[in-house]
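Let's take a walk through a protein together, one stop at a time. Have the sequence at hand and turn the model as you read.

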Amino acid sequence: MRYDVTAIGELLIDFACVSTDKGGYPTLAAHPGGAPGNLLAALTAYGCRTALLGKVGTDAFGSLLLDTMARAGIETAGIVSDPDCFTTLAFVTLDSTGNRTFSFARKPGADTRLRDAELNLSLIDDCRDFHFGTLSLTDDPVRTATQKAVAYARERGKLISFDPNLRKPLWKDMGEAKRQMLWGASQADIVKISDEEVDFLWSCTPEEGAERLLQDCGAKLAFVTLGPRGCYFSNGTASGTVETPSGIRPVDTTGAGDIFGGSVLSRILKTGKAPEALTEAELRQATRFACCAASLSTQRYGGISSVVPEHEVWAVLGGAKKTGLTGGGSGQALLLGVRLPPILSFFLASLQEASLSSVRSLIIYLGRALVSR
């Protein structure tokens, strides 16, 4: 397949408050965003090939978004530019912990005007996984386009992933929001959902929510994110909870859930295994990587622009990818039960696999010597 993941949905500009004057008027910074765009940016950064189906306005922001996606390595052939509507804008207010509230300029926004006749179906034909969320289910014509795209992907045996990504200000009726969320979950093999969304749907625990997704909705694999507490995962035979790395001080959580979704999908797709066949160890490793990538993204502003390079994730995890090390939970690494200092963990994560094996052995030796002193 030409693409690992093709997604459908919104591409927009997030405006975040930088400062406020004496009259209460904010100075805003613009960042590229939209849940599918954030997710695809993470997937691409972590080694996957991606494409987006969506719509922007023929305006300055639409042009900026197209350029941003192309520079991120995301295929833009499925993004339509429409001269009759403006690119969607989101205004994000942050509290002291970096948590967000949203308001939208989307009446209508270009993302809601995508029609099924405008879908570039070849991007679905050429993908392994098709991804969608509920922002493309709030209004027609994009709701119909999304439903037809999902049906097309399912008919062709594609893996389907779904993130409800509930934004209450965009729904006129919370009952309709719930119906569309449940419809989306019923179409998907992999569902990434937050604990707040589980509470909205069922008023139950994350574990119970994952069970409902598997048993009632027919999903094969569920991830329930727990904010700063990490994530619970289950595929029916393997389950568990992974905590986020300690010591992370968020400044902006915009896009963190999407980046988790893209990060965990990147790990799952690399296994080449069906979601229901993944072992607990494989799911834990994938979730651990995604929790770390999402947490690190909160130290930067914006969504697409906050995705950190893969080597930074492995540095925090202690070089587990390249060295077979397991994380010590505090940015250090363990080797045969010996905790290495952080600087050596970082260096190990940066070494190449083959040509520097002797140097790696020397570093491990020095690490042990330092620890034993």
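This is a predicted model: local features need pLDDT of at least 70, side-chain atom pairs count only at pLDDT 80 or more; totals for chains, interfaces and linings use all residues.

Start with helix H4, which covers residues 142-155, and helix H5, which covers residues 174-187. If you draw a line along each helix, the two axes come within 11 Å and cross at roughly 15°. Angles under 35 degrees count as roughly parallel, so H4 is roughly parallel to H5. The crossing of these two helices, H4 and H5, is left-handed.

Which residues of H4 and H5 meet? From H4 come Arg143, Gln147, Val150 and Arg154, and on the H5 side they meet Glu176, Gln180, Trp183, Ser186 and Gln187. Sorted by class, the contact of H4 with H5 holds two nonpolar, four polar and three charged residues.

Now move along the chain to the second pair. Helix H6 spans residues 195-202 and helix H7 spans residues 206-215. Their axes lie 9 Å apart, and the two helices pack at an angle of about 70°. Since angles of 65 to 115 degrees count as roughly perpendicular, H6 is therefore roughly perpendicular to H7. The crossing of H6 and H7 is left-handed.

To find where this pair touches, look in H6 for Asp195, Val198 and Trp202. Their partners in H7 are Pro206, Gly209, Arg212 and Leu213. By class, the contact of H6 with H7 is made up of four nonpolar, one polar and two charged residues.

The largest cavity has a volume of about 130 Å³. It is lined by 16 residues, and the closest to its centre are Asp14, Gly34, Ala35, Phe102 and Arg167.

Where do the lining residues of the largest cavity come from? Strand S2 (12-20), helix H1 (35-45) and strand S8 (100-105) are the elements that give two or more residues to this lining. Strand S8 supplies the largest share, three residues. Sorting the lining of the largest cavity by class gives six nonpolar, five polar and five charged residues.

Notes
Residues are numbered from 1 along each chain as its sequence is written. Side-chain values use heavy atoms; hydrogens and water are left out. Axes are lines fitted to C-alpha atoms, for helices over the stretch in contact, and angles run from 0 to 180 degrees between N-to-C directions. Helices (H or I, at least four residues) and strands (E, at least two) are DSSP runs, numbered from the N terminus. Angles under 35 degrees count as roughly parallel, over 145 as roughly antiparallel, 65 to 115 as roughly perpendicular and the rest as oblique. A crossing is left-handed if the near helix is turned anticlockwise from the far one by less than a right angle, and right-handed if clockwise. Contact means heavy atoms within 4.5 Å. Ala, Val, Leu, Ile, Met, Phe, Trp, Tyr, Cys and Pro count as nonpolar, Asp, Glu, Lys and Arg as charged, and the others, Gly among them, as polar. On a 1 Å grid over the protein atoms alone, a cavity is a set of points where a 1.4 Å probe fits but cannot get out, and a pocket is an open set with protein on both sides within 12 Å along at least five of seven lines; lining residues have an atom within 4 Å of a point. Grid points are joined across faces, edges and corners, and a volume is the space filled by probe spheres set on the points.
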